[in-house]
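I opened the model to look up a few points about its fold and some of its residues. My entries follow in the order I made them.

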Amino acid sequence: MYDEELERAMLYYLIFEKKETEGLKVNIDDFFNVRNMQIYKAIEELKQSREEINLISIKNKIEGKDTEILQYISKIAESRFGTSLEYTYKEIKRLSKKRQALKTNKEFLEKINNTNFTEDIEITIEKEIKQLRDINQEEEKEKTFKQIVLETDELIEEKLKQGTKYKNRYFTGIFDLDKATNGLHEQELTIIGARPGTGKTTLALKIAYNIAIENIKVGIISLEMSETQLVQKMIARLARVDSNKIRDGMLTDTEKVAVTEASMKIYDLPFFINTKAKNIQDIETYARRLKNKEDLGLLIIDYIQLIKSINKTNSREQEVAEITRTLKLLSLELKIPIIGLCQLNRNAARNKPILADLRESGAIEQDADNVIFLYKKEENTEPKNIEDIVIDLQKQRAGPLTETVVRFNKQISEFTNLVRR
């Protein structure tokens, strides 16, 4: 499933028409013939070392019989065969993708037919879909360190050019928190920990809304609330109407108008809510599917201690460790931020929370890039409808820590910044 003449024609363009081939995503897997692969590898090595690319320099990079190699390379100079660069490149990539797709499918079939196969079949299928998408997108499989440095420099330069105009689309809406973190970031796992009734779900939904209005697809997995309960909290916040009154249908005419307007505001937002996923395998499958089909940009999970695993473990601590590690790896692979809500130990109700108060596993602290705690500013007080809550950033891999106080209105499910700095 390859064309020898087309491969030689592609090498001709790479050697003799360098400027015309700049920007083309050619890689070694686009060649099937071993000798052609050797020549392409030699061309890449000469590029990296900034040496001149010609028949002799290529020959010197290839081990073997010099005469035979030189004769073969000399044929390339005559290998244009009247084909255009556009046609040659298109056909080379088409055949390459065909070989890669067949290889991927063969490995998939071998895996699921293996008697020792234990992985969840839906996760395996989503991985297969991603591999096939990656083939079609012509992504570079491996980057050299030099390429990574150049890409990083370009990113920094772009941000410098934008200056104060640069805007991260992942801002949480909590001013002091965003000042310390510059918002959420792709490939990071953020844990929000709190005792019950302190507003961790409300904060997560506020963040979700701020990001969704930037047209970023947001997935919400809730193991605690129904779809309608989550949407009611969103509507209550935007309408500034008591959520209990919405639930009971006891609204004034003015409140009815506010609720209708709030519903219209969120109607077209790119939210995806799942309340059926109960184990980490379901969550992984759902996240991969959303990424494949909808280009998922943020995943929120409420909350981690309710997640189970279908894999056998010796203890709950090991199970939670598997769960948090899976979430971290998902954030890396899917290139999205993931927020995991977390319940804190009872001790945190009496004192300022510390990282050790994360329930059931130290792996939560270890795998998280950021850990944020919520707790009441006034200790040992009776529950109130409006309270001051401390948002305490106790871990950030890439930046400073901070504390800020916000006002939590339970009735309308809203956090309000007290002072903008």
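Before checking a helix length, I noted that its expected span is 1.5 Å times one less than its number of residues. The model I am reading is a predicted one.

**Helix α11**

I took α11, residues 227–239, as the test case. Which residues of α11 are buried? I listed Leu 230, Lys 233, Met 234, Ile 235, Ala 236, Arg 237 and Ala 239. Lys 233 and Arg 237 are charged side chains, counted as positive, and I noted them as part of that buried set. I then looked up what covers the buried residues of α11. The cover includes the helices α10 (200–212), α12 (243–248) and α13 (253–267). It also includes the strands β2 (218–222), β3 (271–274) and β9 (414–417).

**The whole chain**

I stepped back to the protein chain, which has 16 helices and nine strands. Is the chain compact or spread out, judged by its radius of gyration? The radius is 28 Å, well over the 22 Å that the globule rule gives for 421 residues, so the chain is more spread out than a compact globule. Its C-alpha trace spans about 90 × 55 × 45 Å along the principal axes. Of the 421 residues, 46% count as buried. Among contacts with a separation of 6 or more, 67% are between residues 24 or more positions apart. The chain exposes about 23200 Å², and carbon and sulfur atoms supply 49% of that. For charge, I recorded 70 positive and 71 negative side chains, with the centres of the two sets 2 Å apart.

**Glu 284**

I found Glu 284 in helix α14, residues 280–294. Is Glu 284 buried or exposed? Its relative accessibility is 12%, so Glu 284 counts as buried, the cut-off being under 20%. Leaving aside neighbours within four places in sequence, Glu 284 is in contact with Ile 123, Lys 127, Thr 326 and Leu 330.

**Leu 418**

Leu 418 is in the segment after β9. I noted it as partly exposed, at a relative accessible area of 37%. What does Leu 418 touch, not counting residues up to four places away in sequence? I found Asp 388, Val 405, Val 406 and Arg 407. Arg 407 is 11 residues from Leu 418 in sequence, and their C-alpha atoms are 6.6 Å apart.

**Backbone exceptions**

Most residues other than glycine have a negative phi, and most peptide bonds are trans.

Gln 187 has a positive phi of about 70° and is not a glycine. It lies in the loop between α9 (175–181) and β1 (189–194). At 32% relative accessibility, Gln 187 counts as partly exposed.

Lys 335 is another non-glycine residue with a positive phi, near 60°. Its loop runs between α15 and β5 (338–343). Lys 335 counts as partly exposed, at 49% relative accessibility.

Which peptide bond is cis? I found the one from Asp 302 to Tyr 303, with omega near -5°. Tyr 303 is in the loop between β4 (298–302) and α15 (316–334).

Notes:
Residues are numbered from 1 along each chain as its sequence is written. This is a predicted model: local features need pLDDT of at least 70, side-chain atom pairs count only at pLDDT 80 or more; totals for chains, interfaces and linings use all residues. Side-chain values use heavy atoms; hydrogens and water are left out. Helices (H or I, at least four residues) and strands (E, at least two) are DSSP runs, numbered from the N terminus. The radius of gyration is taken over C-alpha atoms; the globule rule is 2.2 Å times the number of residues to the power 0.38. Buried means under 20% relative accessible area, exposed over 50%, partly exposed in between (1.4 Å probe, protein chains only). Contact means heavy atoms within 4.5 Å. Accessible areas come from the Shrake-Rupley method with a 1.4 Å probe; for residues, only the protein chains shown count as cover. The place of a charge is taken as NZ of Lys, CZ of Arg, CG of Asp or CD of Glu.
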